[in-house]
Amino acid sequence: MIKVLTSPGKYVQGKNVIMEMGEYIKDLGDKALIIADPIVEELFLDDLKAGLEELNYQIEFFNGECSKIEIERLKKKAAAEDAEIIIGMGGGKTLDTSKAVAHYSDLPVVIVPTIAATDAPCSALSVIYTEEGVFEEYLFLPKNPDVVMIDTEIVANAPVRFLVSGMGDALATYFEAAASALTRATAMSGGAPTMTAQNLAELCYNTLLEYGVSAKKAAEAGVVTEALEKIVEANTLLSGLGFESGGLAAAHAIHNGFTVLEETHSKTHGEKVAYSTLVQMVLEDRDPAEIEMVMDFCKEVGLPTTLADLGITDVSDEKILKVAEASCAEGETIHNMPFAVDAEMVKDAILAVDVL
Ligand SMILES: NC(=O)c1ccc[n+]([C@@H]2O[C@H](COP(=O)([O-])OP(=O)(O)OC[C@H]3O[C@@H](n4cnc5c(N)ncnc54)[C@H](O)[C@@H]3O)[C@@H](O)[C@H]2O)c1
Ligand SMILES: [Zn+2]
């Protein structure tokens, strides 16, 4: 059995690091195409310009969905501009798109998350959606980003819901890695989990339970504290390395299932993943006290624990079965669970979490 751990070339985190961006990327090339979430123009274009003083760059705004059409559009733009580096700046969708554009253009990529809402920044993976926002496929990339740089001042001042969503995404990491370790499933890294990945996933979970509430309060006040720094690292780096090299299992497959319901489209990735983590715990028949502890954590930080919280108010067996069937599609990570899982079981577990 071959074990593989994969990671970005460099991870940089801290207050106002965006002002020093040029320093960390100057060796990668001279001319950059910045693929920016439209929010960048509104909120921190000046800081970005200050951080890139000596670099030659063009900014192109992201269209809103990480779809094949958008990736193709930006790839053409990179070629037209003779870009030597792709810089992705924004939320998970902008970052995933930037990674894919860099891959197809054969260029290095620098990832600058402006929220800590998912574990997308560090991975060698882009999640592709249709133009309508329905999950389409995972695009596996040959390497992780060259640099990931996250400015905690920006994250602390973003809407709190995003930091909480990142905790939801990070919450799944330990449970999915633990399930994958039992089956020794091949993780997204291309090998079985190392001890390192499993321990990072566990550190991620413990950090959430210990510092999650305090970090949320810091973000509500718009201040950078050590607790906030710890949660940003858990959401971005620990969860990223933990899922990619530790393995995914039921929770993310169930998340993908939820995307078939239009009602859940206004909920974030992390919110759907948090609920799906509870569903995985029920499937696993975990100790009710442990499930209750995780539910209490979700309630305390504001993650969904009912289907209504996920936007699904008109609940029917038929509708939830659709979610469950999509979760169990061939090739889904739910099949990394240490026991056979079928759509009926998933449907019942989704409904059970709602009543719990
Ligand atoms: N590739 C991976 O390994 C991986 C892992 C987890 C999730 N994902 C993907 O990530 C995506 C979800 O990412 P997301 O939740 O970040 O969504 P997103 O990229 O849609 O961003 C959410 C919103 O936040 C806004 N935003 C960004 N920065 C902001 C700021 N500082 N202040 C205010 N608003 C800001 C954006 O404009 C956007 O409207 C999904 O497509 C999911 O599949 C990928
Ligand atoms: Zn995720």
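How many of the residues of H11 are buried? I looked this up in what is a predicted model. The count came to 15 of 15, so I noted the helix as mostly covered, a residue being buried at 20 or more other C-beta atoms within 10 Å.

**Entry: helix H11**

I took the length next. H11 has 15 residues and reaches 21 Å from its first C-alpha to its last. That is close to the 21 Å expected at 1.5 Å a residue. I then checked what comes after the helix. H11 is followed by Asp-285, and the phi of Asp-285 is positive, near 60°.

**Entry: helix H10**

I turned to H10, residues 250–258. This helix is mostly covered too, with nine of its nine residues buried. I listed some of them: His-252, His-255, Asn-256 and Phe-258 are among the buried residues. I wanted their packing partners. The buried residues of H10 pack against strand E7 (135–140), H7, H11, helix H13 (317–327) and helix H14 (343–355).

**Entry: the annotated site**

I went to the UniProt record, an unreviewed entry. Under "binding site" UniProt lists Asp-119, Asp-169, His-252 and His-269.

I looked at two of them in detail.

Asp-119 lies in the loop between strand E5 (109–113) and strand E6 (125–129). I counted 29 other C-beta atoms within 10 Å of Asp-119, so this residue is buried. I set aside neighbours within four places in sequence and read off the contacts. Asp-119 touches Asp-169, Ala-170, Asn-235, Thr-236, Ser-239, Gly-240 and Phe-243. Asp-169 is also on the UniProt list.

His-269 belongs to helix H11, residues 269–283. It has 23 other C-beta atoms within 10 Å, so I marked His-269 as buried. Leaving out neighbours within four places in sequence, I found His-269 in contact with Gly-92, Thr-118, Ser-165, Asp-169 and His-255. His-255 is one of the buried residues of H10.

I closed with the domain layout. The chain is divided into domain 1 (10–156) and domain 2 (159–355). Their C-alpha centres lie 25 Å apart. The contact takes 22 residues from domain 1 and 31 residues from domain 2. I followed the domain 1 side. Strand E1 (10–14) and helix H6 (152–157) are the elements that give two or more residues to this side. The largest share, four residues, comes from H6. By class, the residues of this side divide into 13 nonpolar, six polar and three charged.

Key:
Residues numbered from 1 in each chain as written. Chains lettered and ligands numbered in written order. Predicted model: local features only at pLDDT ≥ 70, side-chain atom pairs only at ≥ 80, totals over all residues. Domains from an automatic or database assignment. Contact = placed C-beta atoms within 7 Å. Nonpolar A, V, L, I, M, F, W, Y, C, P; charged D, E, K, R; others polar. UniProt positions renumbered as here; feature names shortened; annotations may be inferred. Buried ≥ 20, exposed ≤ 12 C-beta atoms within 10 Å, placed from the backbone. Expected span 1.5 Å × (residues − 1).
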